[in-house]
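Dear colleague,

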Amino acid sequence: MAADDRPRPARIALADVPITPASDAVTKVRIARLITRQRHGSNLLLGASWFDPGEETNLWSSADENDMGEGDHWYGPVDETYFIIRGRFELEWSDDAGESGVLELGPDDAVFLAPRWHYRLRCVSDEPGFFVYGMTPTPE
């Protein structure tokens, strides 16, 4: 790759990134994709997500595309992380063999969503929730 073709360091302001409304987002909550392969040449996706109290995602997975139901979303085999800024969340996780659990998340918590599991996230606080997330490799 020639030096002129390399991705450049970049500053991306959240205010400059369009917000995808819940109705158009794959997991049915508001998101903004700040760093992407398409715009920045990155192998990592970095985004932000907003939840209203009681709002929850559909089921999403990085397990098997064939295990997904109507309205669910498959990302492919990705590692995903969250860092919670505000609000409280419950993250349900499961697999096809019946193993499952719930993680309670709040401000200043980071969480690792390992590949090959199914997930659903719900805002359980009385205040809106907000967090930043990363995925690698980027699923876009």
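**Nonpolar cores**

The largest nonpolar core has 21 residues, of which Tyr82, Phe89, Leu91, Leu121 and Phe131 touch the most other members. Two or more residues each are given to this core by strand 2 (45-51), strand 5 (79-86), strand 6 (89-94), strand 8, strand 9 (118-123) and strand 10. Please bear in mind throughout that this is a predicted model.

Leu121 deserves a separate note. Leaving aside residues up to four places away in sequence, Leu121 touches Phe51, Glu55, Glu56, Thr57, Trp60, Tyr82, Phe89, Glu90, Leu91, Leu105 and Phe131. Another core, of six residues, lies apart from the largest one; among its members are Val17, Ala32, Trp50 and Phe130.

**Aromatic pairs**

The structure holds seven aromatic pairs. One of them is the tilted pair of Trp50 and Phe130, with 5.3 Å centre to centre and 45° between the planes. Because Trp50 lies in strand 2 and Phe130 in strand 10, this pair ties together parts that are 80 residues apart in sequence. Both partners are buried: Trp50 has a relative accessible area of 14%, and Phe130 has one of 10%.

Trp93 and Trp117 form an edge-to-face pair, at 5.1 Å centre to centre and 90° between the planes. Trp93 belongs to strand 6 and Trp117 to the loop between strand 8 and strand 9, so parts 24 residues apart in sequence are tied together. Trp93 counts as partly exposed at 22% relative accessibility, whereas Trp117 is buried at 19%. The cut-off for buried is under 20% relative accessible area.

**Backbone geometry**

Most residues other than glycine have a negative phi, and most peptide bonds are trans. The following sites may therefore be of interest to you.

- Thr136 and Pro137 are joined by a cis peptide bond, with omega about -5°; Pro137 lies in the segment after strand 10 (129-136).
- Lys28, not a glycine, has a positive phi of about 70°. Lys28 is placed in the segment before strand 1 (30-35) and is partly exposed, with a relative accessible area of 37%.
- Asp108, also not a glycine, has a positive phi of about 75°. The loop between strand 7 (100-105) and strand 8 (110-113) contains Asp108, which counts as exposed at 62% relative accessibility.

**Confidence**

The protein chain has a mean pLDDT of 88, and 88% of its residues reach 70 or more. Among its elements, strand 7 has the highest mean pLDDT (97) and strand 4 (residues 73-74) the lowest (60).

Yours sincerely

Technical notes: Residues are numbered from 1 along each chain as its sequence is written. This is a predicted model: local features need pLDDT of at least 70, side-chain atom pairs count only at pLDDT 80 or more; totals for chains, interfaces and linings use all residues. Side-chain values use heavy atoms; hydrogens and water are left out. Helices (H or I, at least four residues) and strands (E, at least two) are DSSP runs, numbered from the N terminus. Buried means under 20% relative accessible area, exposed over 50%, partly exposed in between (1.4 Å probe, protein chains only). A nonpolar core is a set of buried Ala, Val, Leu, Ile, Met, Phe, Trp, Tyr and Cys residues joined through side-chain atoms within 4.5 Å. Contact means heavy atoms within 4.5 Å. pLDDT is the predictor's confidence in each residue, from 0 to 100. Rings of Phe, Tyr and Trp (its six-membered ring) pair if their centres lie within 6.5 Å; planes under 30 degrees apart count as stacked, over 60 as edge-to-face and the rest as tilted.
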